[in-house]
Amino acid sequence: MTTVALKDVTKVFPDGTVAVDNINLDVNDGEFMVLLGPSGCGKSTVLRMVAGLEDPSSGAVLLDGELANDLPPRDRGIAMVFQDFALYPHMTVGDNIAFPLRLSGVEPGRRSERVTDVASALGIGDVLARKPNQLSGGQRQRVAMGRAIVRRPGLFLMDEPLSNLDSGLRAELRAEISGLVRELGVSTIYVTHDQAEALTMADRVAIMRKGVLQDVGTPTQVYGRPATLYVAAFLGSPRMNLLEASVYVHLDRYIALNLGEQSLYLPWDDIRSRAVARYHGERIVVGMRAEALTPVAPDAAGDVLQGRIRYLEHHGHESLAFLDIGATAIVVDELSGALSGPSAGGGRLRRFGRVMQRITGRGQDAAGGPPEERPGSSRISVLNDPGRHHRRPAELAVRLAPYPAVSAGHPLAISVRMDALHFFDERGDRIDVGWR
Ligand SMILES: Nc1ncnc2c1ncn2[C@@H]1O[C@H](COP(=O)(O)OP(=O)(O)OP(=O)(O)O)[C@@H](O)[C@H]1O
Ligand SMILES: [Mg+2]
């Protein structure tokens with residue numbers, strides 16, 4: 001099946017919008033690659049360049065190792081499925097699926113054989129005689145898939161094919177699609193902004209932000225060792241807790257990570273301590289996912305943080321407690337503002353942050369000034385980067401058993417798995433020990 005290679009691919013639209021910025025990405029034979037990122041980050045533009053519907057401004061698109069920049073879309077052996085898939089309303093389901101075969105001159109006998117095979121694989125064998133308006137949304141999406149599969153392409157390009165469906169159907173279809181595509185062995189690029197979809201379906205995930213590729217890896221790699229603060233914040237639910245920390249090295253003993261009112265201590269013999277020690281006297285970002293935090297008895301020893309529950313969220317199978325631990329959170333603005341548009345949302349959250357600081361007196365560092373005005377903080381870009389990140393009092397997300405016997409205002413001690421912490425530098429890049 002078709003392999004894809006993007007080499008230094010950039011797309012600048014005539015109005016100057018840089019939709020894709022120097023991307024390098026390989027899709028291997030039979031691989032299920034998911035392109036993940038928020039709205040407007042350039043996912044569809046990448047897909048359209050692979051399909052030949054859009055020309056790269058610079059760089060090369062290779063299909064099976066051959067330069068394909070000038071290859072017309074119809075000669076690329078590609079099938080696309082879009083979010084707003086259009087079926088022919090006047091044709092039956094069977095005729096819709098058969099349509100690409102009719103165009104390429106496959107004789108009727110073989111045509112109906114292939115349609116029957118594909119339809120039964122997709123579980124729509126019993127509705128072949130119906131018209132599209134007599135189908136459910138999920139069935140219509142299966143027909144669109146069928147029409148793409150029936151041509152036996154070398155490469156599938158799918159652009160948010162499930163985003164018009166309700167969540168139950170999405171979960172069902174995402175398992176079906178990834179199963180079916182793997183069975184067929186067809187290389188696939190699947191676009192979504194849904195991180196759960198990406199992590200469950202992909203062989204590898206490529207995460208984009210503002211046209212730039214942030215990280216590529218298996219779901220385990222990108223979730224377990226995110227390359228940047230952005231990837232860390234994007235993947236996982238609840239979001240990773242990202243806290244500002246000052247680093248103080250106590251040679252041969254430990255590294256103190258001062259989180260504001262409390263500290264954590266990274267043992268000197270920890271494999272990451274040398275890398276973190278380079279930031280002595282500086283601020284970094286410490287990431288901890290909810291699964292690294294366990295409620296413990298108030299007087300428990302070890303790596304324990306004391307907090308107070310600000311509020312609880314009940315999810316049925318679990319409850320989440322959000323704790324005030326006297327720390328400052330780093331918020332990736334584009335993600336927080338995703339619902340109301342990046343700038344509007346970010347602005348509102350920033351204002352909210354300032355109001356919270358006034359109310360709680362938190363978010364003020366030892367020097368006593370508002371964080372934005374801290375002298376010398378300009379070189380810490382993550383911590384002083386309006387429009388991409390901002391700071392606010394941390395509300396540490398912790399998993400509890402469903403409907404716990406605690407409520408807002410209760411104190412809660414949590415044990416921290418030090419080996420599960422993530423460290424990011426001032427630019428938002430992972431502080432790593434040099435291997436992955
Ligand atoms: N024809 C065009 N002319 C100018 N700008 C464009 C054009 N098409 C897309 N863009 C811009 O390029 C950027 C990337 O768009 P693209 O459609 O690739 O994003 P996306 O990641 O697919 O977003 P979504 O999840 O909302 O579909 C956006 O800022 C978009 O406004
Ligand atoms: Mg898109």
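## Terms and model

A residue counts as buried when its relative accessible area is under 20%, as exposed when that value is over 50%, and as partly exposed in between, using a 1.4 Å probe and the protein chains only. The model described here is predicted, so local features need pLDDT of at least 70 and side-chain atom pairs count only at pLDDT 80 or more, while totals for chains, interfaces and linings use all residues. Residues are numbered from 1 along each chain as its sequence is written, chains are lettered from A and ligands numbered from 1 in the order in which they are written, and side-chain values use heavy atoms, with hydrogens and water left out.

## Overall build

The protein has 436 residues, and 52% of them are buried. Its secondary structure consists of 11 helices and 22 strands; these are DSSP runs numbered from the N terminus, with helices being H or I of at least four residues and strands E of at least two.

A contact means heavy atoms within 4.5 Å. Among contacts between residues at least 6 apart in sequence, 71% join residues at least 24 apart. The protein exposes about 19,700 Å², of which carbon and sulfur atoms supply 50%; accessible areas come from the Shrake-Rupley method with a 1.4 Å probe, and for residues only the protein chains shown count as cover.

## Around ligand 1

Which residues come nearest to ligand 1? They are Ser-39, Gly-40, Lys-43, Ser-44 and Thr-45, out of 13 residues around the ligand. A residue is near a molecule if one of its heavy atoms lies within 4 Å of it. The shell divides into four nonpolar, six polar and three charged residues. Here Ala, Val, Leu, Ile, Met, Phe, Trp, Tyr, Cys and Pro count as nonpolar, Asp, Glu, Lys and Arg as charged, and the others, Gly among them, as polar.

Oxygen atoms of ligand 1 lie 2.7 Å from a polar backbone atom of Gly-40, 3.0 Å from a backbone N or O atom of Gly-42 and 2.8 Å from a polar side-chain atom of Ser-44. Taken alone, ligand 1 exposes 640 Å², and the protein buries 60% of that.

## Helix α1

Helix α1, residues 43-51, gives the most to the shell around ligand 1, with three residues. Seven of the nine residues of α1 are buried, among them Lys-43, Thr-45 and Val-46. After α1 comes Gly-52, with a positive phi near 90°.

## Backbone details

The peptide bond from Ser-237 to Pro-238 is cis, with omega near -5°. Pro-238 lies in the loop between α8 (229-234) and β11 (241-250).

Two residues other than glycine have positive phi values: Asp-64, near 50°, and Lys-210, about 45°. Asp-64 is in the loop between β4 (58-63) and β5 (66-67), and Lys-210 in the loop between β9 (204-209) and β10 (212-217).

## Salt bridges

The whole structure holds 20 salt bridges, each being a side-chain nitrogen of Lys or Arg within 4 Å of a carboxyl oxygen of Asp or Glu. One of them joins Glu-31 and Arg-204 (2.5 Å, N to O). Glu-31 lies in the loop between β2 (18-27) and β3 (32-36) and Arg-204 in strand β9, so the pair ties together parts that are 173 residues apart in sequence. Glu-31 is buried, at 8% relative accessibility.

Asp-425 forms a salt bridge with Arg-427, their closest N and O atoms being 3.3 Å apart. Is Asp-425 buried or exposed? Asp-425 counts as buried because its relative accessibility is 5%, whereas Arg-427 is exposed at 55%.

How values were computed. Polar contact = N/O pair within 3.5 Å; in protein donor to acceptor, adjacent residues only side chain to side chain.
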